[in-house]
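Here is a short briefing on a pocket and on helix packing. Take a look at the model before reading on.

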Amino acid sequence: MKKLIKYSGVALVMAGIFFAIPNTVILPFVDFGSPFSKLLTSTSFFYRMIFAALTVAFLQFGVFGIYLHHSKIERAKLFRDVTFIIAFFGSAFMMANEWHQIFVLPEIANLNPDSVDKLGTSDQSSRYAIGFMIALVTFSLGWILFSISLLISRKLKRLGPILVLAGFFIIPLFSGIFTPIIGGIIGGIVLGIGFFLIGLELIKSS
């Protein structure tokens with residue numbers, strides 16, 4: 001179990017680094033105003049989604065180590081159990097979303113760009129939009145609630161979970177106040193540091 005916790009810590013450290021890279025180095029070069037088919041087939045978007053997929057994969061593995069690290073803590077155990085499950089499946093849903101945007105949609109965009117453009121401009125009741133929102137909401141809500149459970153458990157230093165919480169709120173807030181790029185850069189850095197610090201603690205504890 002100690003090895004699994006340690007490997008999960010390494011995964012969270014990598015997730016923290018990978019969370020910051022696409023939102024600082026690559027995001028400014030992604031043209032979200034272009035047609036959906038051109039966005040999906042652009043080089044900058046492709047590399048951004050590669051890093052995003054790796055980030056979510058590391059988070060999905062890392063959440064196990066956090067949970068095992070808190071296995072003997074009775075404080076808020078039921079809340080932690082439930083939020084762990086939400087965070088895990090949220091990460092799985094988000095991974096599926098990133099995966100098909102790397103390997104499936106770009107190929108369809110090359111074959112039939114008009115259909116993909118219509119998909120990108122479809123209303124929020126389409127199955128594509130609903131699937132994306134389920135992944136985004138479950139992933140974000142899961143990690144927000146799970147971070148709260150870590151603060152309640154008091155086994156980790158508070159800074160890491162607090163930064164994770166802050167990052168999830170900074171991205172939409174700063175995106176609305178400034179621009180999505182600014183919100184993504186600042187929020188991505190804050191989230192990355194938060195996951196990085198949690199991962200370091202897991203490595204040290206093992």
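Which residues in H7 meet which residues in H8? On the H7 side they are Phe 139, Ser 140, Trp 143, Ile 144, Ser 147, Ile 148, Leu 150 and Leu 151. On the H8 side they are Pro 161, Ile 162, Val 164, Leu 165, Phe 168 and Phe 169. By class, this contact has twelve nonpolar residues, two polar and no charged. The model is predicted.

**H7 against H8**
- The two axes come within 9 Å.
- The axes of H7 and H8 cross at roughly 150 degrees.
- Angles over 145 degrees count as roughly antiparallel, so H7 and H8 are roughly antiparallel to each other.
- The crossing of H7 and H8 is left-handed.

**H7 against H3**
- The axes of H3 and H7 come within 12 Å and cross at roughly 25 degrees.
- Angles under 35 degrees count as roughly parallel, and H3 and H7 are therefore roughly parallel to each other.
- H3 and H7 also make a left-handed crossing.
- H3 brings Leu 59, Val 63, Ile 66 and Tyr 67 to the contact.
- H7 brings Phe 139, Trp 143, Phe 146 and Leu 150 to the contact with H3.
- The contact of H3 with H7 has eight nonpolar residues, no polar and no charged.
- Phe 139, Trp 143 and Leu 150 of H7 touch H3 and also meet H8.

**H7 against H4**
- The axes of H4 and H7 come within 7 Å.
- Their crossing angle is roughly 145 degrees.
- H4 passes H7 in a left-handed crossing.
- The contact of H4 with H7 counts 18 nonpolar, ten polar and one charged residues.

**The largest pocket**
- The largest pocket holds about 1,200 Å³ of space.
- Its lining has 39 residues.
- Phe 32, Arg 48, Asn 97, Phe 132 and Leu 136 lie nearest the centre of the pocket.
- By class, the lining divides into 25 nonpolar, eleven polar and three charged residues.

**Which elements line the pocket**
- The elements that give two or more residues to the lining include helix H1 (2-26), helix H2 (36-40), helix H3 (43-69) and helix H4 (77-103).
- Also among them are helix H6 (113-120), helix H7 (127-153), helix H8 (159-177) and helix H9 (180-205).
- Which helix gives the most to the lining of the largest pocket? H7 does, with seven residues.

Terms used. Residues numbered from 1 in each chain as written. Predicted model: local features only at pLDDT ≥ 70, side-chain atom pairs only at ≥ 80, totals over all residues. Heavy atoms only, no water. 1 Å grid on protein atoms, 1.4 Å probe; cavity = no way out; pocket = protein on both sides within 12 Å on 5 of 7 lines; lining within 4 Å. Points joined across faces, edges and corners; volume = space filled by probe spheres on them. Helix = DSSP H or I, 4+ residues; strand = E, 2+ residues; numbered from the N terminus. Nonpolar A, V, L, I, M, F, W, Y, C, P; charged D, E, K, R; others polar. Axes fitted to C-alpha atoms, helices over the stretch in contact; angles between N-to-C directions. Parallel < 35°, antiparallel > 145°, perpendicular 65-115°, else oblique. Left-handed = near helix turned anticlockwise from the far one by under 90°. Contact = heavy atoms within 4.5 Å.
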